[in-house]
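Here is a short briefing on one protein chain. Look through the sequence and the 3D view before reading on.

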Amino acid sequence: MSFFALIPAAGSGSRLPGEQAKQYAMLAGRPMLWHAIRAVCVAPVETVFVVLAPDDRTFAARDWSAFGGKLEPLYCGGETRRDSVYNGLVAAMAAVDADDWMLVHDAARPCLPRADLERLLSECSGDRIGGILALPAADTVKRAAKDEAGTQRVAASEDRSQLWLAQTPQMFRAGLLAQALRQAKMPVTDESGAIEQMGLKPRLVAGSRENLKVTYAQDLAIAEAILRSRP
Ligand code: CTP
Ligand code: MG
């Protein structure tokens, strides 16, 4: 049984305006994707599959030499994140066994701390299903609904004691994950969502706020500060 990683990096970053796609935005002197790759390489992964848009011209023009022969770019990104992960997984299965662990990590989470990844591995490697990094919701959570004038108003307060915010990496057996993503009926925005639709309950592993997802321009400065604070 081996470990592999897959990084979907075929999005356009529509919420982060800029000259280049979000995954190539520069942070602490390197593309965001570079930091995400480096973070998963803390795990004993054999290969990091990077799923790119079929028309991606930027990846080939950047320097990935720090990762030696570990990277495998796959130009098979799809319409949605789920499509990109599924297409990448199908392509990767040529080199991966169904029982191998696949760690799926967003290019948009460049600050994944080493300790978080190590906790995920130690808590999930012996698990029957696998699991995800997540954070218990800290803020009070409101459900919104628009009134007649179109103004957003609070419709209800949710009980946050059972709510967690899902992060990546999410780790599952490669074969199970491919089956789950293929069969998913309802839209899914993470791997766990597809596994849940099979009636399985992935393990929740406490992550940290440092592992933020860079979505908006204001997140760039936070990510940059976190990366620069590290040795
Ligand atoms: N992603 C992907 N294929 C898609 C959509 C997203 O591989 N069709 C990847 C992104 O590149 C990113 C991760 O999935 O690494 C998480 O997606 P998100 O943070 O939403 O990035 P984008 O979809 O690029 O951004 P936005 O939603 O703002 O357009
Ligand atoms: Mg998106």
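S2 is buried, because its relative accessible area is 18% and the cut-off for buried is under 20%. Keep in mind that this is a predicted model.

**Around S2**
- S2 lies in the segment before strand 1, which covers residues 3–8.
- Setting aside residues up to four places away in sequence, S2 touches E46, D100 and W101.
- With E46 there is also a polar contact: the two side chains are joined at 3.1 Å.

**Nonpolar cores**
- The largest nonpolar core has 31 residues.
- L33, I37, V48, V50, W64 and L103 have the most contacts inside this core.
- At least two core residues come from each of strand 1, helix 1 (32–40), strand 4 (45–51), strand 6 (101–104) and helix 3 (114–124).
- Helix 1 gives the largest share, six residues.
- A second, separate core has 25 residues, including I132, A174, A178 and L181.

**Salt bridges**
- Side chains of opposite charge can pair when their charged atoms come close.
- The count here is 10 salt bridges.
- R114 and E118 form one of them, with N to O at 3.5 Å.
- These two residues are about one helical turn apart, because they sit four residues apart in helix 3.
- E118 is partly exposed, at 39% relative accessibility.
- D127 and R203 form another salt bridge, with their closest N and O atoms 3.2 Å apart.
- This pair links distant parts of the chain, as D127 and R203 are 76 residues apart.
- D127 is in the loop between helix 3 and strand 7 (130–136), while R203 is in strand 11 (residues 203–206).
- D127 is buried, with a relative accessible area of 15%, whereas R203 is partly exposed at 36%.
- D147 and R153 also meet through their side chains in a salt bridge, at 2.7 Å from N to O.
- R81, D106 and E191 are linked in a network of salt bridges.

**Around A155**
- A155 belongs to strand 9, residues 152–158.
- Leaving out neighbours within four places in sequence, A155 is in contact with R143, A144 and A145.
- S12 is 143 residues from A155 along the chain, and their C-alpha atoms are separated by 32 Å.

Technical notes
Residues numbered from 1 in each chain as written. Chains lettered and ligands numbered in written order. Predicted model: local features only at pLDDT ≥ 70, side-chain atom pairs only at ≥ 80, totals over all residues. Heavy atoms only, no water. Contact = heavy atoms within 4.5 Å. Buried < 20%, exposed > 50% of the residue type's maximum accessible area, 1.4 Å probe, protein only. Polar contact = N/O pair within 3.5 Å; in protein donor to acceptor, adjacent residues only side chain to side chain. Core = buried A, V, L, I, M, F, W, Y, C linked by side-chain atoms within 4.5 Å. Salt bridge = Lys/Arg side-chain N within 4 Å of Asp/Glu carboxyl O.
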